[in-house]
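Try each task before you read its solution.

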Amino acid sequence: SPLEFLNALRALNAPSAPVFELGHGTSVGLNPDRPVNEDSYAYRWERIGTVIDGFERLTAVVCDGMGGMAAGEMASNAAVRAFVAGTHGELKQTSPKLLEGRVWKANRAVLEDMGGQEGGCTLSGVVLEGANFTLAHVGDSRAYKAYGSGESARLEQISQDHSLVAAMVASGILTPAEA
C-alpha cells in the first residue's frame, strides 16, 4: 500500500543505530588470597517493536558482593538475575522510575536468596535504548562512559561512589589524592 511504501522509505532514511561493544571480565581484585570471587554480571540485548517503529534495548549490570559478609557471591548473583529479568515484557522505553523498580526488585531477590544470612552487594546497571541510557547505581562499583578508541580513548566516571571514603572527600575531610 502507499502507506507501507512511505514507511519503508522513512526507514531507509532513519538515523543509524549506535554500535555497542560488549566485554566482560572479573577477578578477585587486589587481594589474591580472597577465596571466592563475589562478582556477578549479565546483559540482555533485545529488539522491542517492529523494524519501522521499534528500538534496540541493551540492559547490562554488574554487582559485587560485600566483602566480610557471609555470602556476598549469593547476593550479587541474586541481584544480577533480578535486574536483568526486569526487562522482559517492558515494551515501552525505560524511564528512571522503571529502573528504580528493578533496583528494588534486585534488593528483594537478595533478601529472599540470603534466607536470613548477612550479606549484600553493590549494583551498577544500565539500560541503553538508541543513543539514550539510564543508569542505576548503588554502592561503590563504578560506571564509566567510554569515548574514542586507541590512543585517543578516554573514560568518564558517571557514577558517584556510595561509600564512607566518598563521603569524606565530599565533606572536605579527605582530598581525592588522599582517598
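The exercises below use this predicted model.

**Exercise 1. Helix 2**

Check the span of helix 2 against its number of residues, then find what its buried residues pack against.

Solution. 
- Step 1. Helix 2 covers residues 72-85, which is 14 residues.
- Step 2. The expected span is 1.5 Å times one less than the number of residues. For helix 2 that should give 20 Å.
- Step 3. The end C-alpha atoms of helix 2 are 20 Å apart, which agrees.
- Step 4. List the buried residues of helix 2: G72, A75, S76, A78, A79, V80, A82, F83 and V84.
- Step 5. These buried residues pack against strand 1 (39-48), strand 2 (55-64), helix 3 (96-114), strand 3 (123-129) and strand 4 (132-138).

**Exercise 2. R57**

Is R57 buried or exposed? Which side chain does the side chain of R57 join in a polar contact?

Solution. 
- Step 1. Locate R57: its place is in strand 2.
- Step 2. The relative accessible area of R57 is 0%. Buried means under 20%, so R57 is buried.
- Step 3. The side chains of R57 and E129 are joined by a polar contact of 2.8 Å.

**Exercise 3. The largest pocket**

Describe the largest pocket and its lining.

Solution. 
- Step 1. Its volume is about 1,400 Å³.
- Step 2. The lining has 44 residues, and E21, G23, A60, V126 and Y144 are the closest to the centre.
- Step 3. Strands 1, 2, 3, 4 and 5 (144-147) each supply at least two lining residues. Strand 2 gives the largest share, five residues.
- Step 4. Sort the lining by type: 24 nonpolar, 13 polar and seven charged.

Terms used:
Residues numbered from 1 in each chain as written. Predicted model: local features only at pLDDT ≥ 70, side-chain atom pairs only at ≥ 80, totals over all residues. Heavy atoms only, no water. Helix = DSSP H or I, 4+ residues; strand = E, 2+ residues; numbered from the N terminus. Buried < 20%, exposed > 50% of the residue type's maximum accessible area, 1.4 Å probe, protein only. Contact = heavy atoms within 4.5 Å. Polar contact = N/O pair within 3.5 Å; in protein donor to acceptor, adjacent residues only side chain to side chain. 1 Å grid on protein atoms, 1.4 Å probe; cavity = no way out; pocket = protein on both sides within 12 Å on 5 of 7 lines; lining within 4 Å. Points joined across faces, edges and corners; volume = space filled by probe spheres on them. Nonpolar A, V, L, I, M, F, W, Y, C, P; charged D, E, K, R; others polar.
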